Amino acid sequence: MMAILVGALLGFLSGLGTGGGSLLIMYLTLAQNLPQEEARLINLLFFLPSALIASLFRIQKGDLKLKKVFPAIVTGCLTAAIFSIFSQKWDIKLLKTCFGLLLLVTGIRELLYKPKK
């Protein structure tokens, strides 16, 4: 039952465009005691259909222009593939540290963000 509630909450957040992948990984590792690697895989499998569905609705609504974001999609997919291969050889502590720093910088940026007028 708890998994259904967490899935619904994270689906809601994904629909809003805020993601929730970090929350899913924390839930899976802390509450479900899954290894980090398995939690990351489940997070990816959760994210793909959620992102696709949310993106289709945003395209239909006119909020997302594929022509503008296509270069980012292509380069993001390519670098994700490349670094997925390399990450198998890297120390997991280094990856955790880098991810933690990324979350910290992103959080600070969001706190200080002021929309343009």
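**Exercise 1.** In which loop of this predicted model is leucine 34 found, and is leucine 34 buried, partly exposed or exposed?

*Solution.* Begin with the placement: leucine 34 lies in the loop between α2 and α3. Next, take its relative accessibility, which is 23%; since buried requires a value under 20% and exposed a value over 50%, leucine 34 therefore counts as partly exposed. Finally, list its neighbours: leaving aside residues up to four places away in sequence, leucine 34 touches Leu28, Thr29 and Ile42.

**Exercise 2.** Determine how helix α2 and helix α3 are oriented to each other, and describe the contact that they make.

*Solution.* First, identify the elements: α2 covers residues 21-31 and α3 covers residues 36-61, and their axes come within 9 Å while crossing at roughly 140 degrees. Second, classify the angle: because only values over 145 degrees count as roughly antiparallel, and 65 to 115 as roughly perpendicular, α2 and α3 are oblique to each other. Third, assign the hand, which for the crossing of α2 and α3 is right-handed. The contact itself draws on Gly21, Leu24, Ile25, Leu28 and Thr29 from α2, and on Gln36, Ala39, Arg40, Ile42, Asn43 and Phe46 from α3.

How values were computed. Residues are numbered from 1 along each chain as its sequence is written. This is a predicted model: local features need pLDDT of at least 70, side-chain atom pairs count only at pLDDT 80 or more; totals for chains, interfaces and linings use all residues. Side-chain values use heavy atoms; hydrogens and water are left out. Axes are lines fitted to C-alpha atoms, for helices over the stretch in contact, and angles run from 0 to 180 degrees between N-to-C directions. Helices (H or I, at least four residues) and strands (E, at least two) are DSSP runs, numbered from the N terminus. Angles under 35 degrees count as roughly parallel, over 145 as roughly antiparallel, 65 to 115 as roughly perpendicular and the rest as oblique. A crossing is left-handed if the near helix is turned anticlockwise from the far one by less than a right angle, and right-handed if clockwise. Contact means heavy atoms within 4.5 Å. Buried means under 20% relative accessible area, exposed over 50%, partly exposed in between (1.4 Å probe, protein chains only).
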